[in-house]
Amino acid sequence: MAKNDSIMKKPRDTRGSLRRLAVTLKPFRLWLASVVALCLVANVLSLLGPTLAGSAINEAAAGKGKVNFDRVTTFALRMLACYVASSVMTIAINLIMVHISKRFAGILREQVFAKLMRLPVGYFDRHQAGDIISRVSYDIDVISTCMASDITSILTSVVTVVGSLVMMIVISPALALMTLVTIPLAVSYTTWMRKKTQPRYSKRSKSYGVMNGFVEEMLSGQKTILAYAYEGNVEEKFEGINENAAEAYYDAEYYGCAIGPTVGSINNVGLCLIAVFGSLMYMAGRITLGQISSFVLYSRKFSGPINEIANIINELYSALAAAERVFNLLDEPEELVDREHAQALQNVRGDVSLEHVAFGYTPDQPIIHDLTMRADAGRLVAIVGPTGAGKTTIINLLMRFYDVDAGCVAVDGGDIRDYTRRSLRGAYAMVLQDTWVFRGTIFENIAYGKENATMEEVVAAAKAAHIHPFIMRLPQGYDTVVSEDGGNISKGQKQLLTIARAMLYNARMLILDEATSNVDTSTEREIQRAMRDLMRDKTNFVIAHRLSTIQHADLILVLNQGDVVEQGTHEELMRRKGFYHKLYTAQFE
Amino acid sequence: MRYLGKILKKYRGFIALTMVIKLLGTFLELLLPYVLEHLIDNVAPTGDRAMVLIWGLAMAVLAVLVRTLNVSSNRMSVRTAREAAREMRTELFHVSLNLSGAQMDEFGLPSITSRMTADSYNVQNFIRAAQTMGVRAPIMMIGGIAITLTMDRGLAMILCFMVPIMIVLVILISKRGIPMFDQVQRGMDDMVRIMRENITGIRVVKALSKEDYENRRFTTSSTAFERLDAKASFIMALPGPMVTLFLNAGLTLVVLIGARRVNGGQTEPGVILAFLTYFNMILMGVMAINRIFMMLSKANASAQRIAKVVELQDDLPVLPEAEGAHTDREGFLVFDHVSFSYEAGNTDASVGAHGFAGAAREQCLKNIDFSVKKGGSLGIIGATGSGKTTIVNLLMRFYDPQEGRVFVDGRDVRTYDRDELRRKFGVVFQNDAIFADTITENIAFGRALGEDELRAASADAMALNFIEGYGDGFEHMADIHGANFSGGQKQRLLISRALAGKPEVLILDDASSALDYRTDASLRKAIREHHSEATTIVVAQRISSIMALDAIIVMDEGEMIGYGTHEQLMERCPVYREIYKVQMGEAA
């Protein structure tokens, strides 16, 4: 859908985008200049072809037995030379333009990606992955395709149109006047038709988008649909959507497929005007047969690009709109740079405190109102509460994925905003609920946090996370390639991999956000033993649904709707018979 | 080609008519330069102005006629393409929607979806173009050559010699280029995958300060893609200038030899001029043939992919009641010594997380044997991949077991009409689907349920509160995949859906994992109180979700390692005891 919408949008700041495109293209200016030069020469040469052919035919027109072969041959050879040179140049132009446009796309892609790496985490919470990806894949592709083909098309068209016109006027101004009748006719016809077809084509794209979305959604829920014997309804709905798509297709093509033949017919009528008037002029002795021949060739050349230009302009607009979207992304505010005198957080003890912290993802929706807590080095702090209570938000603040609105988060007594982000984040290891693996070997996935990790270290971490035996059962062991969407590894196993990753990373502070939610109970028990080793002497933050897992925490924070409603040890909280007590006993009901 | 033929068979009369009209139009179009040549060579020298005008008029009429014929045949071909594609999609969707679990596993969701969309568009475009361009291009080419042959055999020989060489050349280049586009696509997929990984894992990347590393990783992939893309684009840009060069060289030959023949009195100068025009026509014909060739290879591959799905046999046929197995065992739901494995061919990674079973594939069931009496309840607990979901899959006949039989209400499940069987169930699957529709429709799901029933069901599922929190209540729209609901809200809607039909059998497969303990407890209470007549199966990781049920099965690697009540299992089953201890704390 995003793709189809983007075609229709017109750029808002055409000039700005053009200027920035020009800046990005600056390194290629020599190449571009050579393309322009080559293009001019190649097209002038290919325009000379018909003239030379005309001259040769003129020589031949002397009639039976009177042809001057030397001159015919000379003209013919010149003609051949022009064509050969022009073709070779065209190939060279293609080569250069392919190179420039692809390199340009590469540069843009790398810029966008590097930008993504500098954006705050919040950006990714607010934008859909599909939308961001379509800028890198689809939008940049539109720009590069437009560059590769349209720049040369425009140059070629302009040269051809101007050149042909000049040649036509040179041959016969009177006949050239004839084309001035048919060309405007063809151009206004295509413009008129485009206005008619454009909305129909976007409607078609839209209805295809609707159909694609529906199919994807229904098939991914297929089991449910079958389970409820709902397939009749779904098929009926699809019939309607399919019918719509078919109609939209027909409606658009109905008009679209008339353009080509009509323009062809207008050109043919033009040709017939030229033939008639040419003949009449020939009778009046004002033109030769050879001249008529070349004129016909030029008029064919002339009408082609004229009809193309409107098309190209449309493509240019959509490329500019795409460029604008890419530039908008490049203009997004980045994660704030570290403060000027930011220190690296070194020799971390791990005393963490939050003082009167207030925070909301949007200013009008505060999540945390006034939160104060302490977690001293080596302690285990558990955060519990119903879904949506703000547990994950605290993690976001600790890691400085977001900055607090008021109050302060401190590590070892210093405001975390006075440390460099890199050193602050480096002081934490974390295992999140949403397990994350990337396409790569198991070794790479475990070693991700530690550069130059040795195989021994990785194996030790895997053993500690109780995933080593599983890995050894895989055909390629630690070299087995896993991926986010690959089915060769279950969710639970992915979670173990991320635990192994954290084990290897070995930081002073540890964040476990529902770290064992996807692991089955018997494995969990084993991991917990390993985790206890991992957690020893560290400051630990644990988010858990299963309250049994955090009973021995030094401090339990009970969150509800963004506020800490209770804090204390398990025993204290149970005695209080408050919110925690209710949550805890609910497990056993 | 076979499947393409099958789709088009119905339309063959109409297609033939379309092609005849297109043929006529193309022939007349070919006549135009012929008339032009006649006008300049034969009419003009006579000095007869009236004749010049008459011939000119004839040419104009011809041009208009050509347009009419071309436009109408184009439109006719669009009509056929529309009809054929629509029917093809209807059939494909019907088959896809009714695929058995094993079949769905074999293809995988992304593959089926792309057949419905990209492949069907490829075929449609081909059907549209083949009828017109497929006629026009060869006729332009062959007709052009034929007419030049009648004009001057000697000169035409040059064409006869060159055109086949050009076609072979162009198709050879395309043949080399087409597979490169697959590689380019894969390169693009690779790049997109890295982006997606970074977007979804941005917290990990930032936490570990791996931004530079990720930048390098992306650049490597982007550079590789760039190289491939440039190479493919360059190769595909070659045929144009090469064909032009060839034809222009031929043109030079025509001029040279033509002059000689004019000198010998064998031909007229006008003929050479006409040749120049026909050359252009032939050039376009050759390029169009190349395009058709590319389209055909694409459309044919697509058609084959579609055919593969559409022509599948039903692998879960309904048996007549007499042929079904019988059982004397008591119970509403009976598993009689059932063993099952997903087919060996389906274990590869490509099936992925989209697989039907949702869990690891290599797991199977070994000798599962139990029964649940009407209105009774059964809990299933065990490690991920131990076969819990598979039991549900067999019960609802998404698969058939290799050994043993499954009975519902005393009847072999294979003898039920599939819809009849499934209507007995109200079910929530693991990672179940919410559809982009109103909450009402998501709960009612095509069943004729009144407002009271919807409200009662959502109240039991603890969903009523948040539904009523929306201004438009039950008419609130869900986004695709229910993206506008939290995990807990989704599960509560799904449970409402399962409860709403007052099903004979209620199945909750990991349906409350995102609910906190309190909500989960209230849900269990509501089911106990308001749905006691339903036979219930609860699959869960949490022991608290199942410990109060009539019986519990403990699964481990496809086997039942424990079967009994909570108390019995605490006594007899060490694994169960272990799970209990871990989840409820040492104290419990």
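**Figure 1. B:Ser522 lies in helix 17 (residues 517-530) of chain B, in a model that is predicted.** Helices here are DSSP runs (H or I, at least four residues) and strands are DSSP runs (E, at least two), numbered from the N terminus. B:Ser522 counts as partly exposed because 16 C-beta neighbours lie inside 10 Å. The cut-offs are 20 or more other C-beta atoms within 10 Å for buried, 12 or fewer for exposed, and partly exposed in between, with C-beta atoms placed from the backbone. From B:Ser522 to B:Val334 there are 188 residues in sequence and 29 Å in space, C-alpha to C-alpha. Helix 17 of chain B also holds B:Tyr517, which is buried with 23 C-beta neighbours inside 10 Å. The C-alpha atoms of B:Tyr517 and B:Leu109 are separated by 34 Å, at 408 residues apart along the chain.

Residues are numbered from 1 along each chain as its sequence is written, while chains are lettered from A and ligands numbered from 1 in the order in which they are written. Because this is a predicted model, local features need pLDDT of at least 70 and side-chain atom pairs count only at pLDDT 80 or more, whereas totals for chains, interfaces and linings use all residues.

**Figure 2. Helix 6 (residues 153-200) of chain B meets helix 9 (residues 239-263) of chain B.** The two axes come within 10 Å and cross at roughly 170°; axes are lines fitted to C-alpha atoms, for helices over the stretch in contact, with angles from 0 to 180 degrees between N-to-C directions. Helix 6 and helix 9 of chain B are therefore roughly antiparallel to each other, a term for angles over 145 degrees. On the helix 6 side, the residues that meet helix 9 include B:Leu155, B:Ile158, B:Met162, B:Met166 and B:Ile173. On the helix 9 side, among them are B:Pro239, B:Met242, B:Phe246, B:Ile257 and B:Arg261. By class, this contact has 15 nonpolar, four polar and one charged residues. Ala, Val, Leu, Ile, Met, Phe, Trp, Tyr, Cys and Pro count as nonpolar, Asp, Glu, Lys and Arg as charged, and the others, Gly among them, as polar.

**Figure 3. B:Ser233 is found in helix 8 (residues 211-237) of chain B.** Helix 8 of chain B has 27 residues and reaches 38 Å from its first C-alpha to its last, close to the 39 Å expected at 1.5 Å a residue; the expected span is 1.5 Å times one less than the number of residues. B:Ser233 counts as buried, with 24 C-beta neighbours inside 10 Å. Other buried residues of helix 8 of chain B include B:Glu214, B:Phe218, B:Phe225 and B:Asp229. The buried residues of this helix pack against helix 4 (69-118) and helix 6 (129-171) of chain A, together with helix 6, helix 7 (202-207) and helix 9 of chain B. Leaving aside neighbours within four places in sequence, B:Ser233 is in contact with A:Val98 and A:Ala148, where contact is C-beta atoms, placed from the backbone, within 7 Å. The C-alpha atoms of B:Ser233 and B:Ile527 are separated by 63 Å.

**Figure 4. Chain B is in contact with chain A.** In total, 134 residues of chain B are in contact with 131 residues of chain A. Helix 3 (residues 49-97) of chain B gives the most to the side of chain B that touches chain A, with 25 residues. That side has 70 nonpolar, 39 polar and 25 charged residues. On chain A, A:Thr224 is found in helix 8 (residues 222-227). A:Thr224 is buried, with 21 other C-beta atoms within 10 Å. Leaving aside neighbours within four places in sequence, A:Thr224 is in contact with B:Phe429, B:Asp432 and B:Ala433.

**Figure 5. Helix 7 (residues 173-220) of chain A has a kink of about 30° at A:Thr197.** The kink lies shortly before the proline A:Pro199; the bend at a residue is the angle between axes fitted to the seven residues ending there and the seven starting there.

**Figure 6. A:His466 has a positive phi of about 60° although it is not a glycine.** A:His466 is placed in the loop between helix 14 (455-464) and helix 15 (468-473) of chain A. With 19 C-beta neighbours inside 10 Å, A:His466 counts as partly exposed.

Key: Angles under 35 degrees count as roughly parallel, over 145 as roughly antiparallel, 65 to 115 as roughly perpendicular and the rest as oblique. Two residues are in contact if their C-beta atoms, placed from the backbone, lie within 7 Å.
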